Amino acid sequence: MSIEVSPSRISNTLVDKDAFLSGLLDKVVASKSEGWLQDVRSSAADWVRQSRLPTTRDEEWRFADLSALREVQFNNNVETFLPNITPFLLPERNNNSLVFVNGVYAPELSAVSGLPDGVVVSNLANLPGGYDERVRQYLAQASGDREVFTALNTAGMTDAAVVWVGKNVVVETPISLVFVADGEGRISLPRCLVVAESGSQVTLVEEYTNRPSGSPVPHRDGNRQDGGWTHREAENAEEERVYFNNAVTEVWVEENAQVSHTRIESDGAEAFHIGKTAVMQARCSRYSCNAVSLGGRFSRHNLEIFQTGEQTETTLNGLTMIKGKQLGDTHSAIALNHPHSVSRQLHKCIVGDRAHAVFNGKVFVPKLAQLTDATQLNRNLLLSSKARVDTKPQLEITADNVKCAHGATVSQLEDDEIFYLQSRGINANDARNLLINAFAAEIINQIPIPSLRETLTQTVSKF
């Protein structure tokens, strides 16, 4: 079963060429090279040239206006920074981290050691011998690749983070992938490929962030023959930088494998972030995703699950926490094509000031997917009279022997609840924070990494 989640292609006889999209393609398209990767890039670029950016007239984008993105003047600046990423590293990582800066692999910041035999954590350009052909069978092969932003990422792909877990291998410590963005008008194309072979288990943390404003940045000096790093102060240190992260992650969970995936998006306040997570689940596999969206002027996460075998288990937890004039958009699609599957989805939004949250979740249960058990719930907490949420949970069921349910709630902090806490000696502000923390805790507590849970709890407390 195929899912069309972002109809952004239209015949040239009906619409003129999208000049802005063509300009983006020209800026990101990779230089010509030989081999299979060039064929993949060229095919994607050809598709983008015949496409257009979605507008609010497209059903999947009717609440997500991209007009502000069109106003940004993107540049071809290839200057690369080496920021201090210590605040983003997990104490539990045990030197299992890959770091990319502006989409470029940073070996100086990465540390991969002590991995079990059969596990590869590497960028695409430095794969061990024999893995190139294996990766070829998976990279850019997941369903849903014919979507304009996914295809744009593929067209400009020069490198990728690769996590490969061999058959029956259990990785005890979490693997961390950190993508740091910096630079005015930069467009980055982070790419991840995760393959968990049959019987394997792995915990993965994927984080998108930016260098904090005003912090000193080590800077690669092109005039130095050794290519070393010098330090300078950031220009316009107190100003938020406008940049665009267009990220794609493909996760292949083979038979009886288990992947625990945590995705954190905490881009800068003026950033644009559009991310795709495409997951292919084989027979008896288990996949869980904890997706947290905090930053960005405009952020969107497309989460797509494609079941390729029976008896799968899928757990999707999401938390969007936005304020100011942020827009946070989550679109999910779960295609349950085989019987005896279990799917659980809970997505929560905390919306303050004039922010706007969007949730659109689809669950497809065709006739072949008998004895499916699927639930979907979106809960929203509005902290301001100007805050807005648009929610649309969907079930499309043609099977007749299933257990499926969906729902959505929208609420505000209740005066009675705050008064009750005040009557117990808690001031109004602390009472408000306590209620917000309790709302978010249901999602945060599902994250399997203690240090990350603590960091996110502190973030909620300061919201």
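The buried residues of helix 5 are covered by elements that include helix 1 (19–28), helix 2 (36–49), strand 8 (191–196), strand 12 (243–253) and strand 14 (272–281), where helices (H or I, at least four residues) and strands (E, at least two) are DSSP runs numbered from the N terminus. The buried residues of helix 5 are Val148, Phe149, Thr150, Ala151, Leu152, Asn153, Thr154 and Ala155. The model is predicted, and local features need pLDDT of at least 70 while side-chain atom pairs count only at pLDDT 80 or more, whereas totals for chains, interfaces and linings use all residues. Residues are numbered from 1 along each chain as its sequence is written, and side-chain values use heavy atoms, with hydrogens and water left out.

Helix 2 can be followed next. Its buried residues are Trp36, Leu37, Gln38, Val40, Arg41, Ala44, Ala45, Trp47 and Val48, and what covers them includes helix 1, helix 4 and helix 5.

For the chain as a whole, the secondary structure comes to 8 helices and 23 strands, and 57% of the 463 residues count as buried. Among the contacts (heavy atoms within 4.5 Å) with a separation of 6 or more, 83% are between residues 24 or more positions apart.

A pair of aromatic rings is described by the distance of the centres and the angle of the planes. Here, rings of Phe, Tyr and Trp (its six-membered ring) pair if their centres lie within 6.5 Å, and planes under 30 degrees apart count as stacked, over 60 as edge-to-face and the rest as tilted. The structure holds 11 aromatic pairs. Tyr138 and Trp164 form one that is edge-to-face, with 5.4 Å from centre to centre and 85 degrees between the planes. This pair links distant parts of the chain, since Tyr138 lies in the loop between helix 4 (131–136) and helix 5 while Trp164 lies in strand 5 (residues 161–165), 26 residues apart. Tyr138 is buried at a relative accessible area of 16%, and Trp164 counts as buried at 3%.

In the pair of Phe179 and Tyr208, the ring centres are 5.0 Å apart and the planes stand at 15 degrees, so the pair is stacked. Because Phe179 belongs to strand 6 (residues 175–181) and Tyr208 to strand 9 (residues 201–210), the pair ties together parts that are 29 residues apart in sequence. Phe179 is buried, with a relative accessible area of 2%, and Tyr208 is buried with 0%. Ring pairs also link Phe20, Trp61, Phe74, Phe149 and Phe244 into a cluster, and Phe149 is one of the buried residues of helix 5.

Charges meet rings as well, the rule being that NZ of Lys or CZ of Arg is within 6 Å of the ring centre and within 35 degrees of the ring normal. Arg134 lies over the face of Tyr131, at 4.5 Å from the ring centre, and the charged end of Lys323 sits over the ring of Phe463, 5.2 Å from its centre.

Two loop residues can be set side by side. Ser200, in the loop between strand 8 and strand 9, is buried with a relative accessible area of 0%. Not counting residues up to four places away in sequence, Ser200 touches Val165, Gly166, Asn168, Val169, Asn256, Ala257 and Gln258. Glu310, in the loop between strand 16 and strand 17, counts as partly exposed at 27% relative accessibility. Leaving aside neighbours within four places in sequence, Glu310 is in contact with Arg283, Cys284, His338, Pro339 and His340. Glu310 and Glu255 are 55 residues apart in sequence and 9.7 Å apart in space, C-alpha to C-alpha.

Conventions:
Buried < 20%, exposed > 50% of the residue type's maximum accessible area, 1.4 Å probe, protein only.
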